[in-house]
Amino acid sequence: MKAFVVGATGGTGKWIVRELVGKNVPVVALVRNREKAQQTLPAGVEILVGDVLQPETLGAAIADCDVLICATGAAPGFDPTAPYRVDYEGTKNLVNLAKSKGINHFILVSSLCVSQVFHPLNLFWLILVWKNKLKIISAKVE
Ligand SMILES: NC(=O)c1ccc[n+]([C@@H]2O[C@H](COP(=O)([O-])OP(=O)(O)OC[C@H]3O[C@@H](n4cnc5c(N)ncnc54)[C@H](OP(=O)(O)O)[C@@H]3O)[C@@H](O)[C@H]2O)c1
């Protein structure tokens, strides 16, 4: 098995990568910033630079992987489109990528309470709404 981890430099992604490396699973880490990844990730991890919002940067990297693990998330901030773009459109790009490459295992790190519209986390530009919409689309894909 070889794993393609997206969002590998994030809090959750780093932990996922460490667990996989600890179990001797080869990892390809898709990151936005190579230097940050080199400082953050364990030795032996293959680092590839890409952005989920730019599908053309994703294709080659995933070629020989069997599982795609998505641990991306929009960073809290003042851009009201960030959760829509990163957590919804970006993840859809990854789903399409996995489908186009015949990768049948897609693990999405989502969130609790995605179906609760009146949840405080939705003050961050409706992030749970976008995650929930993605869940519905993923179910249709299956
Ligand atoms: N932390 C928790 O307790 C927790 C609990 C439940 C669910 N989750 C979910 O887990 C996911 C990750 O959360 P986290 O706390 O680990 O967040 P985080 O530390 O902010 O990490 C987010 C990761 O996403 C990457 N990213 C953002 N935009 C991207 C883009 N356009 N293209 C490629 N990568 C991009 C970031 O890259 P950079 O490093 O370059 O910024 C970073 O590696 C989220 O979906 C979150 O809802 C987290």
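Which residues does Asn 122 touch, not counting residues up to four places away in sequence? Keep that in mind as you go through these close-ups of a predicted model.

**View 1. Asn 122 and the residues it touches.** Leaving out residues up to four places away in sequence, Asn 122 touches Gln 116, Val 117, Ile 127, Leu 128 and Val 129. You'll find Asn 122 in the loop that runs between strand 5 (105–108) and helix 4 (127–141). Is Asn 122 buried or exposed? Its relative accessibility is 7%, so Asn 122 counts as buried, given that the cut-off for buried is under 20%.

View 2. What is phi of Cys 113? It's near 65°, a positive value even though Cys 113 isn't a glycine. Leu 126 isn't a glycine either, yet its phi is positive as well, about 60°. Now for the surface: Cys 113 has a relative accessible area of 30%, so it is partly exposed. Leu 126 is partly exposed too, because its relative accessible area is 42%.

View 3. How many residues surround the ligand? There are 18, and the closest are Thr 9, Thr 12, Lys 36, Asp 51 and Lys 131. Helix 1 (11–22) gives at least two residues to this shell, and helix 3 (82–100) also gives at least two.

View 4. Start with Thr 12: a polar atom of its side chain lies 2.7 Å from a ligand oxygen. Gly 7 uses its backbone instead, with an N or O atom 3.3 Å from an oxygen atom of the ligand. Val 52 also brings in a backbone N or O atom, this one 3.0 Å from a nitrogen atom of the ligand. How much of the ligand does the protein cover? On its own the ligand has 900 Å² of accessible area, and the protein covers 69% of that.

Note on methods: Residues numbered from 1 in each chain as written. Predicted model: local features only at pLDDT ≥ 70, side-chain atom pairs only at ≥ 80, totals over all residues. Heavy atoms only, no water. Helix = DSSP H or I, 4+ residues; strand = E, 2+ residues; numbered from the N terminus. Buried < 20%, exposed > 50% of the residue type's maximum accessible area, 1.4 Å probe, protein only. Contact = heavy atoms within 4.5 Å. Near = heavy atom within 4 Å. Polar contact = N/O pair within 3.5 Å; in protein donor to acceptor, adjacent residues only side chain to side chain. Areas by Shrake-Rupley, 256 points an atom, 1.4 Å probe, with all protein chains shown as cover.
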